[in-house]
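Trainee: Could you take me through the helices and aromatic rings of this model, with the criteria behind each term?

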Amino acid sequence: MAVQLPIEKFLPLTDSLPLVDVRSPAEFAQGHIPGAVNIPLFNNDERAIVGIGYKNGGKEHAVQLGLEIVGPKLAGFVKQAKRLAPQKEILVHCWRGGMRSGSMAWLFETAGLKATTLEGGYKAYRRFIRQQFSRPVKMRVLGGFTGSGKTDILKILGKQGEQFLDIEAIAHHKGSVFGPLGQKPQPTNEQFENNLADAWRKFDFSKPVWVEDESRQLGKCVLPDPLFLQIRNAPLIKILVPKPEREKRLVKEYGPFKKEELAAQLIKIRERLGGQYLK
């Protein structure tokens with residue numbers, strides 16, 4: 001029989017065991033626990049069909065529909081799980097820790113795997129990680145004008161053993177007007193929070209955590225309120241670099257991009273701030 005664990009005990013296991021998210025592809029794309037693999041019990045259309053069946057015919061009718069849909073896929077689910085878990089241990093979760101994860105865990109156990117499910121599901125995970133950003137931290141904030149080399153300094157500190165939260169790397173955005181250039185597509189805001197939390201939970205909170213002084217929003221990604229407040233209230237170390245040096249750094253960093261790409265980013269700023277600030 002599958003074991004069910006609360007999020008506090010479940011989450012550390014994801015560092016060493018494969019994690020299967022059995023929610024639909026659309027739910028998974030919106031946000032998932034970092035490292036999870038999606039083996040959906042129902043695809044997006046099938047989930048809608050079962051939901052309508054529940055609404056119109058009740059639970060028993062919906063369960064019958066679900067069995068008819070899932071039945072032909074059971075062997076495939078087991079094959080995927082065994083490829084992921086050669087050591088025969090696997091973690092499973094759904095949205096609320098209900099029938100979807102329970103059914104898949106039962107299947108995996110029947111096929112010879114040891115399955116562990118998440119109490120409260122992904123919903124419990126989301127509630128838990130948002131609470132973690134309120135945890136008091138010895139935060140050190142590095143500030144300065146664009147082009148001061150703040151990120152490079154933080155990376156050097158990281159190589160020397162200091163802890164730093166690389167918000168820009170997680171957001172796929174450098175925080176400036178040209179921030180998205182050369183970056184991967186940004187994650188959803190929900191996934192951004194999940195990825196931040198994944199880095200956050202691995203820190204040693206008896207030691208300082210360094211961050212760059214960021215605005216609340218980096219492109220489409222918005223910092224969680226508790227984390228943003230900690231950044232704003234932490235000691236600020238400001239780097240003072242002469243303007244000519246900052247200009248050289250910016251030219252080196254963004255000069256290789258096409259004029260059209262640079263102009264497109266400037267137009268976005270003009271639309272936001274007004275033409276009087278951009279000539």
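**Helices and rings**

Mentor: Helix α9 has 12 residues and reaches 16 Å from its first C-alpha to its last, close to the 16 Å expected at 1.5 Å a residue, where the expected span is 1.5 Å times one less than the number of residues. Helices (H or I, at least four residues) and strands (E, at least two) are DSSP runs, numbered from the N terminus. This is a predicted model, in which local features need pLDDT of at least 70 and side-chain atom pairs count only at pLDDT 80 or more, while totals for chains, interfaces and linings use all residues. Residues are numbered from 1 along each chain as its sequence is written, and side-chain values use heavy atoms, with hydrogens and water left out.

Trainee: How many of the 12 residues of α9 are buried?

Mentor: Buried means under 20% relative accessible area, exposed over 50%, and partly exposed in between, with a 1.4 Å probe and protein chains only. The buried residues of α9 include F192, L196 and W200. The helix is largely enclosed by the rest of the structure, because the number of its 12 residues that are buried is nine.

Trainee: At roughly what angle do the axes of α6 and α9 cross?

Mentor: Axes are lines fitted to C-alpha atoms, for helices over the stretch in contact, and angles run from 0 to 180 degrees between N-to-C directions. The contact (heavy atoms within 4.5 Å) is made by residues including Y122 and I129 of α6 and A197 and W200 of α9. The two axes come within 10 Å and cross at roughly 65°.

Trainee: Which kind of pair do the rings of F203 and F205 form?

Mentor: Rings of Phe, Tyr and Trp (its six-membered ring) pair if their centres lie within 6.5 Å, and planes under 30 degrees apart count as stacked, over 60 as edge-to-face and the rest as tilted. F203 and F205 are both buried, and together with F133 and W200 they form one aromatic cluster. Their ring centres are 6.4 Å apart and their planes stand at 90°, so the pair is edge-to-face.

Trainee: Which residue lies over the face of Y122?

Mentor: A charge sits over a ring if NZ of Lys or CZ of Arg is within 6 Å of the ring centre and within 35 degrees of the ring normal. Y122 is one of the buried residues of α6. At 4.0 Å from its ring centre, the residue over the face of Y122 is R23.
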